[in-house]
Structures are given as structure tokens and as C-alpha cells.
Amino acid sequence: MNSQEQGRSQTYNLTVTAIVAALYVAITTVVAPFSFGPVQLRLSEGLNHLAAWNKRYIVALGLGVLISNFLSPLGWIDWVFGTLGTVIMTSLTYYFSRSVKGTLAKLAISTLIVSTIGMAILAAEFTFAFNIHAAGASAPADVHANILGQWLSFYLMVLPGELASLIVGGIVIFALSKVVNLSK
């Protein structure tokens, strides 16, 4: 690849990264009252499936989450741990699906990783925020539970909204993958 082609490729990657990050922020902002807290419906999470096709989406989604979380009532906790959790789960999604060819298989891998590892990290974030009495942190149903009980309560609270977002996102990404090569 000559330097002109390489420059176009870098520009294309940067542009796609910026567009996906902006889409994540826009979708999160549109449904902002429901995008934060232990019971949430963050529809932009459906974009996490993109990491199954290209590693540039790891950066795009991490950036989108960081910018979106500037609106979070948890403040710095969500900026750091929310972004870190996204980078971890999208990296794992990319790693485990990079050699998989089928769209449905990629979506299944992504859904499994995001709903388990990603939501486990998010539940830990909420448990931490609650236990340090961070501003914006709300309590699980049983505030007297031990740490594991609190974590489980938070996990069970975030999971339904995340699964709904992943299903909606999966349908959109599946349709998009039929007309756009998401790997390039």
C-alpha cells in the first residue's frame, strides 16, 4: 500500500470511528433519562456488536461511552469504570469473534460477552459507587446485603435493559451487515 492509500485508509478509519462514537453519544442522549442508573435502557449499547467485525469499533465505542458518561450522575466513577468496562468487553468480543464468519454467530458471541462480562463489570461499578456513598448512587433492593448480594442485585437490575438493547442493536447490525461490509 503506498502512502496515499495508507493516508486514505487512516482517514477512513478515523471518520468511521468518529461517526460510531457520535452515534453512541446521540442515541444515549436522546434516551438520557433512561440511559443511566442501575435500571437502565441504553439503546446505544446495541452498537457494541460492531466490535465483532473490526477492532476500530473498540476505540469508537470506548470514546462514545466516555463522552456519554459525562452526563452520568455517578460522575468520575462512570467515566473511568464505564469506559474501562466497555473497552474490556468490546476487546473480548473482537478477540473471540475475529475468526468467526457468520453474522448470527458474531452477534451471539457479542451478546454473551456483553451480557455476562460487561454487565458484571457494570454491576461491580454500581456496587462500588453505592458502598462509597458516591453522589448519584442508588441502593439495591436489600441495602443490608453483603457485597456479593449487592453485586447480584445490581447485575439483575441492569441485565434486562442491556439484553433489550442488544436485541434491538442485533437486528439493526444484522440488517446493516447485509448492505455494508462492517469488517472494512
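Here are a few friendly notes on the structure above, which is a predicted model.

1. **Where the patch comes from.** Three helices, α2 (56–68), α3 (76–97) and α4 (103–131), each supply at least two residues of the patch. Which of them has the largest share? It is α3, with six residues.

2. Is I67 buried, partly exposed or exposed? Its relative accessible area is 37%. Partly exposed covers the range between under 20% (buried) and over 50% (exposed), so I67 counts as partly exposed.

3. **Regions from the record.** An unreviewed UniProt entry places the feature "transmembrane region" at residues 12–36, 79–96, 108–132 and 152–176. In the model, residues 108–132 are 96% helix and 0% strand, with their end C-alpha atoms 35 Å apart. For residues 152–176, the chain is 100% helix and 0% strand, and the end C-alpha atoms again lie 35 Å apart.

4. **The largest pocket.** This pocket has a volume of about 180 Å³. Its lining is made up of 15 residues, and V20, L50, Y57, L176 and L182 are the ones nearest its centre. The elements that give two or more residues to this lining are α1 (3–30), α2 and α5 (147–177). The most comes from α1, which gives four residues.

Definitions and conventions. Residues are numbered from 1 along each chain as its sequence is written. This is a predicted model: local features need pLDDT of at least 70, side-chain atom pairs count only at pLDDT 80 or more; totals for chains, interfaces and linings use all residues. Side-chain values use heavy atoms; hydrogens and water are left out. Buried means under 20% relative accessible area, exposed over 50%, partly exposed in between (1.4 Å probe, protein chains only). UniProt positions are given in the numbering used here, feature names are shortened, and annotations may be inferred rather than shown by experiment. On a 1 Å grid over the protein atoms alone, a cavity is a set of points where a 1.4 Å probe fits but cannot get out, and a pocket is an open set with protein on both sides within 12 Å along at least five of seven lines; lining residues have an atom within 4 Å of a point. Grid points are joined across faces, edges and corners, and a volume is the space filled by probe spheres set on the points.
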